[in-house]
Structure formats: C-alpha cells, structure tokens
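This report covers a ligand site and a sheet.

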Amino acid sequence: MNIVLCDSPEQAIRFAADTICRQVAARPDGVHGFATGGTMDQLYQALVPLQRQYALDWSGVRSFNLDEYVGLDADHPMSYRYFMRHNVFGPLGMQDARTHLPRGDARDLEQECRDYENAIAAAGGIDLQLLGIGKNGHIGFNEPSSSLGSRTRIARLSQDTLAANQRFFPPGAFQPQWAITMGIRTILESRQIVLLALGEQKASAVAAMAEGPLSAMCPASALQMHPATTVVLDPEAAQLLRLKDYYRSAYSPGVPSP
Ligand code: PGA
C-alpha cells in the first residue's frame, strides 16, 4: 500500500484527480472504476475542469461504478446513475453506453449481479478503481463482516451507513436499505486502486485499514492484499497512523512510486 500524506484536503483531492487524468491520458480507452459519496463528489468537482488542462478525451473511456441502491431506477434523483450522469459522465463528455452501474430496479437482482461481474470481465477488467472509505471501514457497500472473497451481490446497508448517508436524502424521502455492490474480491481484481479519505471522521477506519489486522470487520483492510493500491489522505484522516514518518520517507505527493 502506498500511503500518500498530503498537507490539505485540497492537495489530496488534486493528487487523486491528477492520478486519474494521467491514466486517461495514457489509456484513453481504459476502464475506470468510479465511486460515489461526499468525498468522491469533491474529487469529481476537481476532476471535471482538469480535462481541459490535460487536453483529455474521455469519449472512449469505459466505466463501472461500485454500487447502486436497490429500488431506485436510473432517473431517480437519488440514484447513483443520476448523480454520475449529471456530475461526471455528462461534464466529462463520456458516452452513456460506455458507462455501467448495476441496475437497482432490475427485475431479477441476482441475475443483474452476475451480469455485472460478466460485463467487467468482458471489458477486460478495471484498470483504475477509485474508492472512498466508510467510517466503519466499508468499501463500496461491503459492510463489516462481508466476505473478503465476495463478488457483486445484493447487500444490506449497516445502521452506521444508513445514518451517514441520511444527509443525502431530503427529509421524509425513501432511503433504500439495500444495494447492489461490487464484492471485495471484485474490487481486488482491479489493476490499480486509488482510495481517497478526508477528515477526522475517517481516521480510525484508515488506521484499521492500513495498520490493523486483515479482517472482515474492516473490509478496507483487504486492500493490504492488493499489489497496487495508493491511499491518499489529508492530515485529519491520517492522524491515527503510527508509521507516518515511514510513509513520508517512502512516498511524497508528486513523486512517482518507487
Ligand atoms: P463519504 O462516503 O465520502 O460520503 O464519506 C465514503 C464511503 O462511504 O465510501
């Protein structure tokens, strides 16, 4: 795991956005794994204007999102498809047909999960998977106790996650309690992973992920098994790490991984 300690949230966001842009520049027909959530929203706001600076053409990029709520169709304003279309795919000039999210309103949800795994494999796998991390250590909607060998499946959201995500739903609106999520094994098959975490609320999950035991109680700890994961942190998210001096000596923002 490359741990990148940034001096500010802005620097961390910019570092993650630059990594994505370099990947698109190197492979304009590559396969990107996207995520959603408040952290990713900030990242996408930084990413969209960078396409001009890097002179990027996103029209050939293919993408797979980590997850989608069960029960919301693609036009529902709280669906992840809706968010991605309006905030990412459209502004980046991606082709809708090249973007994939699980269909939360599929009639046969089990089949939808199998089809999603097959579609990722048919695309040749994911080149660069973006991740956030939940306060409880989840990645995607792989909540604590998820099998580290799990694949795309229907998952129940934990009470922690429901409470954390309530802020995105208007008062009184239906908040889904189930989602389709890539599994941990699915995520680990990505060739490269970039995880971005900001703020002190993430500090204990980040410490458990990077320095705790490999455990289903912290699903993100499975990334310890991945050969090419970069964890990008602001100072607050990094505050509980014990090996900060080592990480600083081993890796600095802007300097290529040794
Ligand atoms: P957040 O979510 O960025 O909204 O905190 C991250 C996650 O739950 O993966």
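The model is predicted: local features need pLDDT of at least 70 and side-chain atom pairs count only at pLDDT 80 or more, while totals for chains, interfaces and linings use all residues. Residues are numbered from 1 along each chain as its sequence is written, and side-chain values use heavy atoms, with hydrogens and water left out.

Around the ligand (a heavy atom within 4 Å) are Gly-37, Gly-38, Thr-39, Gly-132, Ile-133, Gly-134, His-138, Arg-167, Phe-168 and Lys-202. By class, this shell has two nonpolar, six polar and two charged residues, with Gly counted as polar.

| Side chain | Distance to a ligand oxygen atom |
|---|---|
| Thr-39 | 2.5 Å |
| His-138 | 2.6 Å |
| Lys-202 | 2.7 Å |

On its own, the ligand has 280 Å² of accessible area, of which the protein covers 85% (Shrake-Rupley method, 1.4 Å probe). The ligand takes up the space of the largest pocket, a pocket being an open set of points on a 1 Å grid where a 1.4 Å probe fits, with protein on both sides within 12 Å along at least five of seven lines.

An open sheet is formed by seven strands (DSSP E runs of at least two residues) in the order β1-β10-β9-β6-β2-β3-β5, with parallel pairing (at least two DSSP bridges between two strands). Its edge strands, β1 (2–5) and β5 (99–100), each pair on one side only. Strand β3 (residues 62–65) runs parallel to β5 and is joined to β5 by two bridges; Ser-63 has Thr-99 in β5 as its bridge partner.

Definitions and conventions:
A polar contact is a pair of N or O atoms within 3.5 Å; within protein, one must be able to donate a hydrogen and the other to accept it, and residues adjacent in sequence count only if both atoms are side-chain atoms. On a 1 Å grid over the protein atoms alone, a cavity is a set of points where a 1.4 Å probe fits but cannot get out, and a pocket is an open set with protein on both sides within 12 Å along at least five of seven lines; lining residues have an atom within 4 Å of a point. A molecule sits in a cavity or pocket if more than half of its atoms lie within 2 Å of its grid points. Helices (H or I, at least four residues) and strands (E, at least two) are DSSP runs, numbered from the N terminus.
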